[in-house]
Amino acid sequence: MITAIVLIKTSVDRIPEIAESIAALDCVSEVFSVTGTYDLIAMVRVARHDDLADVIPGRISKIPGVEGTDTHVAFRTYSQHDLEAAFAIGLDS
């Protein structure tokens, strides 16, 4: 699974509607409304690297009100959930 973090600039008067449209895409797991240079951050998860082109410029960027994106592809994922699961191996409740 490939994870991309997509920083999104939008029309500020339509942030909630744009966030909902992005969140409705099947490959988007979360959308965050944030402060700072960007308005939204979307977590995109796809099976193949080539799928990113279909999702980000092909779908997210075409949503009315999306003004620009900046994409970062994750090399590895570190998660508190993963650590908890690792420490729980072999323990009986």
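The accessible surface of the chain comes to about 6300 Å². Carbon and sulfur atoms account for 55% of that area. The model is a predicted one. Of the 93 residues in the chain, 30% are buried.

**Overall layout**

The chain holds three helices and four strands. Read from the N terminus, the elements follow the pattern β-α-β-β-α-β-α.

The four strands make an open sheet, ordered β2-β3-β1-β4, with antiparallel pairing. The edges are β2 (28–33) and β4 (66–73), and each of these pairs on one side only. On average, neighbouring strands of this sheet are turned by 20° against each other, direction ignored.

Strand β1 spans residues 2–10 and is joined to β4 by seven bridges. Within this pairing, isoleucine 8 stands opposite threonine 69 of β4. Seven bridges also join β1 to β3, again in antiparallel fashion. Here isoleucine 5 stands opposite methionine 43 of β3.

β2 and β3 pair over five bridges, in the antiparallel sense. Serine 33 has leucine 40 in β3 as its bridge partner. β3 is mostly covered, with five of its seven residues buried.

In a regular strand, side chains alternate between the two faces of the sheet.

What does helix α1 touch? Helix α1 (residues 15–23) packs on the sheet and touches β1, β2, β3 (40–46) and β4. Its direction makes about 165° with that of β2. Helix α2 covers residues 51–60 and lies across β1, β2, β3 and β4. Relative to β3, helix α2 runs at about 145°.

β2 and β3 form a hairpin, with six residues between the two strands. Glycine 36 sits in the turn and has a positive phi of about 110°. Valine 34 lies in the loop between β2 and β3. Is valine 34 buried or partly exposed? Its relative accessibility is 28%, so valine 34 counts as partly exposed.

Leaving aside neighbours within four places in sequence, valine 34 is in contact with Asp39, Leu40 and Ile41. Leucine 7 is 27 residues from valine 34 in sequence, and their C-alpha atoms are 9.7 Å apart.

**Threonine 3 in β1**

Threonine 3 is found in strand β1. Its relative accessible area is 9%, and therefore threonine 3 is buried. What surrounds threonine 3? Not counting residues up to four places away in sequence, threonine 3 touches Met43, Val44, Arg45, His72, Val73, Ala74 and Thr77.

**Salt bridges**

How many salt bridges does the structure hold? There are three.

| Pair | N to O distance |
|---|---|
| Arginine 59 and aspartate 26 | 3.4 Å |
| Arginine 45 and glutamate 30 | 3.5 Å |
| Arginine 48 and aspartate 51 | 2.9 Å |

The salt bridge between arginine 59 and aspartate 26 links distant parts of the chain. Arginine 59 belongs to helix α2, while aspartate 26 lies in the loop between α1 and β2, 33 residues apart. Arginine 59 is partly exposed, at a relative accessible area of 35%. Aspartate 26 reaches 69%, so this residue counts as exposed.

The side chains of arginine 45 and glutamate 30 form a salt bridge that also links distant parts of the chain. Arginine 45 is in strand β3 and glutamate 30 in strand β2, 15 residues apart. Arginine 45 has 31% relative accessibility and is partly exposed. Glutamate 30 is partly exposed too, at 32%.

Arginine 48 and aspartate 51 make up another pair. Arginine 48 is partly exposed at 48% relative accessibility. Aspartate 51 is buried, because its relative accessible area is 17% and buried means under 20%.

How values were computed
Residues numbered from 1 in each chain as written. Predicted model: local features only at pLDDT ≥ 70, side-chain atom pairs only at ≥ 80, totals over all residues. Heavy atoms only, no water. Pairing = 2+ DSSP bridges. Axes fitted to C-alpha atoms, helices over the stretch in contact; angles between N-to-C directions. Contact = heavy atoms within 4.5 Å. Buried < 20%, exposed > 50% of the residue type's maximum accessible area, 1.4 Å probe, protein only. Areas by Shrake-Rupley, 256 points an atom, 1.4 Å probe, with all protein chains shown as cover. Salt bridge = Lys/Arg side-chain N within 4 Å of Asp/Glu carboxyl O.
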